[in-house]
Amino acid sequence: GITRMRGFGTTIFSEMTALANRTGAINLGQGFPDTDGPGSMLRAAVAAIQSGQNQYAPGSGTPDLRTAIARHQGDWYGLDFDPDTEVLVTAGATEAIAATLMGLCEPGDEVLCVEPYYDSYAAVIALAGAVRRPVTLRPPDYRLDTAALAASITPRTRVILINSPHNPTGAVFDRDELAEVARLCVEHDLIAVTDEVYEHIVFHGEHVPLATFPGMRDRTVTISSAGKTFSATGWKVGWICAAPDLVAAVARVKQFLTFTNAAPFQPAVAAALGLPREYFTSLATDLRAKRDLLCQGLVAAGFDVHIPAGTYFVTADAAPLGGEDGLAFCRALPERAGVVAVPVGVFYDQEAHDVVPGASLVRFAFCKQDEVLQEAVRRLEGLR
Ligand code: PMP
Ligand code: GLN
């Protein structure tokens with residue numbers, strides 16, 4: 001393999017899902033719901049397939065989907081985007097992140113990112129030839145250290161890459177934290193890339209899009225995912241909203257990565273974006289009950305639990321259960337308890353620390369049916 005990808009082996013999600021499949025353990029590792037999204041959306045995809053929408057869609061996405069995306073940003077956040085020039089549909093948020101960083105960073109440019117991070121961030125920063133500068137979130141509350149963020153800015157800094165609600169910690173950055181990010185972007189003329197895929201999964205506080213802060217509308221690339229909002233991770237439909245020059249730079253890369261995305265899913269996601277507000281609010285209400293169920297079980301099992309404010313992940317310290325090495329703990333967990341989790345240490349920058357933080361933290365996903373969570377909790381009680 002190429003030098004730039006040295007150090008990027010198999011993703012932890014592939015390893016841990018393979019482990020779950022091999023052992024038959026309950027998979028609370030990789031984050032995917034075990035219940036499908038809205039029935040009307042599923043039927044719309046079937047109808048699109050049966051009515052012949054099976055050839056290449058326009059590279060920027062189908063017009064109905066781009067219009068629905070722009071309307072959603074307006075209805076929820078008061079943000080006004082032109083569906084023709086300011087919206088780009090991508091193969092999941094993952095392609096959005098890749099095309100954005102490759103489209104906006106010159107080799108040697110620095111990207112400030114918040115660690116622990118979704119693992120594709122480091123890989124695509126490396127592919128872009130850019131340099132990552134991590135700012136560290138630490139348990140128990142994972143607040144954004146805006147002073148550290150400010151201190152990390154150099155003349156080579158090009159992008160601040162933010163993710164809120166935050167995977168894997170479940171932190172939701174508040175207005176003060178985000179206002180400071182925005183202020184730094186304006187002061188230093190930086191581009192903000194904001195991964196907001198969990199925008200509708202908030203239990204405490206509120207989701208405030210970074211693009212809504214003064215001076216940010218035209219320097220922010222906002223990333224969303226139908227996989228998360230409509231519980232269809234296998235569809236791989238995501239999108240960005242940004243000013244025309246930024247969208248053009250990202251689209252220039254995207255056209256050579258995938259050119260276009262699965263056509264029949266696009267009208268289906270467009271229809272889902274038009275669902276009544278109750279759909280979106282019930283997503284969080286349902287997941288809040290699941291969060292509470294799993295968190296109580298983890299506490300009972302002996303973990304030191306960090307209750308998440310958003311996302312469908314909870315991090316827990318496994319040190320009280322002998323899990324000082326979270327990776328080893330997770331590799332052994334199927335045999336010990338019949339459950340799969342993912343270690344959080346792997347989401348911290350492996351090269352930026354003498355001692356990688358979060359080594360004893362593990363992450364559990366609770367986007368599962370209640371019976372599945374109850375059985376997982378019952379099994380984990382045996383750990384003590
Ligand atoms: N960003 C974050 C923070 C995520 O958690 C995920 C999914 N795990 C993604 C991006 C990727 O989303 P998608 O499946 O739409 O590519
Ligand atoms: N976003 C999901 C997670 O964080 C799945 C990621 C993946 O499988 N690449 O678990």
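## The seven-stranded sheet

An open sheet is built from seven strands in the order E2-E8-E7-E6-E5-E3-E4, with mixed pairing. Strands here are DSSP runs of E with at least two residues, helices are runs of H or I with at least four residues, and both are numbered from the N terminus. Two strands count as paired if DSSP finds at least two bridges between them. The edges are taken by strand E2 (87-91) and strand E4 (131-136), each of which pairs on one side only. On average, neighbouring strands of this sheet are turned by 20° against each other, direction ignored.

This is a predicted model, in which local features need pLDDT of at least 70 and side-chain atom pairs count only at pLDDT 80 or more, while totals for chains, interfaces and linings use all residues. Residues are numbered from 1 along each chain as its sequence is written, and chains are lettered from A and ligands numbered from 1 in the order in which they are written.

Within the sheet, strand E6 (residues 191-195) and strand E7 (residues 220-225) run parallel and are joined by four bridges. One of the pairs is Ala192 with Thr220 of E7.

Helix H7 (residues 175-187) lies across strand E5 (157-163) and E6, and runs at about 165° to E5. Contact between two residues means that their C-beta atoms, placed from the backbone, lie within 7 Å. Axes are lines fitted to C-alpha atoms, for helices over the stretch in contact, and angles run from 0 to 180 degrees between N-to-C directions.

## Surroundings of the ligands

The shell around ligand 1 has 14 residues, of which Gly92, Ala93, Thr94, Asn167 and Ser225 come nearest. A residue belongs to such a shell if its C-beta atom, placed from the backbone, lies within 6 Å of the molecule. Helix H4 (residues 92-104) gives the largest share, three residues. By class, three residues of this shell are nonpolar, nine polar and two charged. In this classification Ala, Val, Leu, Ile, Met, Phe, Trp, Tyr, Cys and Pro are nonpolar, Asp, Glu, Lys and Arg are charged, and the others, Gly among them, are polar.

## Helix H10 and its partners

The axes of helix H3 (residues 63-77) and helix H10 (residues 265-273) come within 8 Å and cross at roughly 25°. H3 is therefore roughly parallel to H10; angles under 35 degrees count as roughly parallel, over 145 as roughly antiparallel, 65 to 115 as roughly perpendicular and the rest as oblique. The crossing of H3 with H10 is left-handed, a term for a near helix turned anticlockwise from the far one by less than a right angle, with right-handed for clockwise. On the H3 side the contact is made by Asp64, Leu65, Ala68, Ile69 and His72, and on the H10 side by Gln266, Pro267, Val269, Ala270 and Leu273. Seven of these residues are nonpolar, two polar and one charged.

Helix H2 (residues 39-50) also packs with H10, at an angle of about 150° and with the axes 8 Å apart. H2 and H10 are therefore roughly antiparallel, and H2 passes H10 in a right-handed crossing. Ser40, Met41, Ala44, Ala45 and Ala48 of H2 meet Phe265, Pro267, Ala268, Val269, Ala271 and Ala272 of H10. The residues of this contact are ten nonpolar, one polar and no charged.

## The four-stranded sheet

Four strands in the order E9-E10-E13-E12 form an open sheet with antiparallel pairing. Strand E9 (304-306) and strand E12 (342-343) each have a single partner strand, so one side of each is left without a neighbour in the sheet. Strand E10 (residues 313-317) and strand E13 (residues 361-365) run antiparallel and are joined by five bridges, with Phe313 partnered by Ala365 in E13. Helix H11 (residues 277-301) lies across E9, E10 and E13, at about 10° to E10.

## Backbone details

Pro139 and Pro140 are joined by a cis peptide bond with omega of about 10°. Pro140 lies in the loop between E4 and helix H6 (146-151). A cis peptide bond also joins Ser164 and Pro165, with omega of about -10°, and Pro165 is in the loop between E5 and H7.

Lys236 is not a glycine, yet has a positive phi of about 55°. Lys236 is placed in the loop between helix H8 (226-229) and E8.
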